[in-house]
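I am keeping these notes while going through the model. Each entry records what I looked up and what came back.

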Amino acid sequence: MIRSQVLICGGTGCTSSGSAVLIDEFENRIQENGLSDEVKIVRTGCFGLCALGPVVIVYPDGTFYSRVQKEDVAEIVTEHLLKGRIVERLVYSDVDESVKEEAAHVSLSDTTFYKSQRRVALRNCGVINPESIEEYIAMDGYAALGKALTEMTPEEVIKCVMDSGLRGRGGGGFPTGKKWSFTAANKADQKYVVCNADEGDPGAFMDRSVLEGDPSCIVEAMAICGYATGATEGYIYVRAEYPIAVARLKIAIEQAREYGLLGKNIFDSGFDFDLHVRLGAGAFVCGEETALMTSIEGNRGEPRPRPPYPAVKGLFGKPTTENNVETFANIPQIILKGADWFASMGTEKSKGTKVFALGGKINNTGLVEVPMGTTLREVIEEIGGGIPHGKKFKAAQTGGPSGGCIPASLMDTPIDYDNLTAIGCMMGSGGLIVMDEDNCMVDIAKFFLNFTVDESCGKCTPCRVGTKRLLEILDKITSGKGTLEDIDKLEDLCYYIKNNSLCGLGQTAPNPVLATLKFFREEYISHVVDKKCPAGVCKDLLTYKIVKDTCFGCGMCAKQCPADAIKVTDYTAPGKKKPAYEIDPDKCIKCGACMSTCKFKAIVKE
Amino acid sequence: MKSLAELAAIKEKMQNKVVMREGSGDIRVVVGMATCGIAAGARPVLNTFVEEINNEGLAGNVTVTQTGCIGICQYEPVVEIFEAGKEKVTYVKMTAEKAKEVVEKHLKGGNVIEEYTMTNA
């Protein structure tokens, strides 16, 4: 009889920090101690707190161990699993002191990271074994499909999704129920359901985590969508760079077929549905819905003009419903708990919750799910644990290369689709990259433009040529050769590309530039007028100097310098006992090695 | 899969495997599992509790955990039962048989078995 379960995160984050080794080690140690019949090891999906991986949770007490190493396993097994003594030194305990004093042991839900989260799309991630459909069923899995097929008409399913107020989580924010009704309204001999799992934004990994942690949920949701729209076949388009997600998805589909949850006559309702997995080769443009379908069809991933919309003429020319992973992840619970339950969360026009992938300059890198309308401040300062090293928050980039930045002054804006659009940002898929005072906003815009220039498919000129020109102007500005006219030209070109590109990639590619221009124009101006980079990032605008008065003359900087640019210039300066060092600006490559070596803070960059 | 009943049957069968992860129940059974406890035979006691609680279908609101030495080694195996709003009950010198009885009479029936408690030892 199992009395205790050890949940080990098998998501990509923790796998890369070594959780696979832990699983073997736990198995060995548990066997050694004769606990095999009493303790079960479960490999789960992502818990969300990737910064502290590998993460291990021991139930029934719910003890949350973080950064567990192979050497720690023996101690956890003999102390905790055998003798019931929690290994305090490994416990993650970022909780209020009041909670700490009250509770005998700290449970996961008490930590500041989890306390204000509300998990809907991620509800099973880190809770069930994603490779076991039975565990999914035990958590009410497939009950929604059963309910839809046996008790609801397709129209009722669509109405339920529409009433819930769910909007597309891939970034566009189009009402999901409406999308379904369009496909349902079209008559055809064959219709399709497509799941967009081609998560391409740098820094976004919520779709991957859902697929890794709860793949059956997507299978179920797609079947529900098929029933509602009259489709009998579905495709999941997932990046080949997500090997764990692909493997688990295939297992989930196989298990669903074995149980007859996919296939012919599901729940004896006469409804047939089956799924296929297609791997994407990693082109960013394939996340755009029409390019994605072109790619599934076996062609080069290029977008096609809309209309006709996919609901009319989609995959293989048939009516198609395409939704993002996170959108689908909400569906089963909406059907099960009702539209009102879902609509009770969030703001007036954005219902439910949103998953954000926190990255960049933040303490708790990881995955969080909060109700719509939560402010950026709460997400960053409370759940995210603030900025490392006591630095000041400058801005957060939402929506990756298609989005914009939210500056510190707008930190109290409730996050939802319409508020973000109103301030010139975009919800995007939910990547949230945090930047502090050391980030140069022009450099950030350049980073994202670099990405879109690489990823532009080249089909339409505004995007192919326009983004390249944008990048060239940004290059000019960051290298100190820019003029004030360049800034105006930059802005004009942005609007031109936005208005004339064929697909979402080009239409949103200038967003990072426009948003940084809007909120940080003075930074652009100091690059071109003062020829200075205020954050000290753009190398061409920097000079490193040794402050003679504070220099101790130890010579450490000269030893560290890889370019041999630091030399003793004066051995016998009058009144000085030590040699004077100087940096030769012609040789200096601005790597900053001298500055981080100097113990006396005698080297400055300006 | 042909019916909701079929689905419910799988769910039923699997429920006790995942229920442990849904957070602690209303009642906590804590078994002393330090060296003294193990030497006195705490492991069969612990396993009996887990098994019986599952058999009786109480796993949803009873959590079984271990703890270290509480300092009364001569009374081991010690089992403490915590219930919200009630006073802690401490059973001492437990055996697998006594554990079965505690599940039956105390956890299920709600009656403390006075003769096994600390006060009567």
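**Helix H12 of chain A**

I began with helix H12 (residues 243-258) of chain A: its 16 residues should span 22 Å at 1.5 Å a residue, and its end C-alpha atoms lie 23 Å apart, which agrees. The expected span is 1.5 Å times one less than the number of residues. Helices (H or I, at least four residues) and strands (E, at least two) are DSSP runs, numbered from the N terminus.

Before going on I noted the basis: this is a predicted model, in which local features need pLDDT of at least 70, side-chain atom pairs count only at pLDDT 80 or more, and totals for chains, interfaces and linings use all residues. Residues are numbered from 1 along each chain as its sequence is written, while chains are lettered from A and ligands numbered from 1 in the order in which they are written.

Which residues of H12(A) are buried? I found A:Ala245, A:Val246, A:Arg248, A:Leu249, A:Ala252, A:Ile253, A:Gln255 and A:Ala256. Buried means that 20 or more other C-beta atoms lie within 10 Å of the residue's own, exposed that 12 or fewer do, and partly exposed is in between, with C-beta atoms placed from the backbone. The buried residues of H12(A) pack against helix H6 (133-138), helix H10 (206-213), helix H11 (215-229), strand S6 (233-239) and strand S8 (271-280) of chain A. For contacts, two residues count if their C-beta atoms, placed from the backbone, lie within 7 Å. Just after H12(A), A:Gly260 has a positive phi of about 75 degrees.

**Helix H13 of chain A**

I then checked H13(A) and found it mostly covered, with seven of its eight residues buried. Those are A:Glu289, A:Thr290, A:Ala291, A:Leu292, A:Met293, A:Ser295 and A:Ile296. They pack against strand S5 (192-197), S6, S8 and S9 of chain A.

I looked up helix H7 (residues 143-151) of chain A against helix H14 (residues 325-337) of chain A: they pack at an angle of about 55 degrees, with axes 8 Å apart. That makes H7(A) oblique to H14(A). Axes are lines fitted to C-alpha atoms, for helices over the stretch in contact, and angles run from 0 to 180 degrees between N-to-C directions. Angles under 35 degrees count as roughly parallel, over 145 as roughly antiparallel, 65 to 115 as roughly perpendicular and the rest as oblique.

Which residues meet where H7(A) packs on H14(A)? A:Ala143, A:Ala144, A:Lys147 and A:Ala148 in H7(A) meet A:Pro332, A:Ile335 and A:Leu336 in H14(A). By class I get six nonpolar, no polar and one charged residues in the contact of H7(A) with H14(A). Ala, Val, Leu, Ile, Met, Phe, Trp, Tyr, Cys and Pro count as nonpolar, Asp, Glu, Lys and Arg as charged, and the others, Gly among them, as polar.

The axes of H10(A) and H14(A) come within 9 Å and cross at roughly 45 degrees. H10(A) and H14(A) are therefore oblique to each other. Here A:Met206, A:Asp207, A:Val210 and A:Leu211 in H10(A) meet A:Val325, A:Glu326 and A:Ala329 in H14(A). The contact of H10(A) with H14(A) divides into five nonpolar, no polar and two charged residues.

**Backbone entries**

Most residues other than glycine have a negative phi, and most peptide bonds are trans. I therefore listed departures from this.

- The peptide bond from A:Pro307 to A:Pro308 is cis, with omega near 5 degrees; A:Pro308 is in the loop between helix H13 (289-296) and strand S9 (320-324) of chain A.
- B:Glu76 and B:Pro77 are joined by a cis peptide bond, omega about -10 degrees.
- A:Tyr142 has a positive phi near 65 degrees, sits in the loop between H6 and H7 of chain A, and is buried, with 27 other C-beta atoms within 10 Å.
- A:Lys601 has a positive phi near 50 degrees and counts as exposed, with 9 C-beta neighbours inside 10 Å.

**Contact between the chains**

How many residues does each chain give to the contact? I noted 28 from chain B and 30 from chain A. H1(B) gives the most to the side of chain B that touches chain A, with eight residues.
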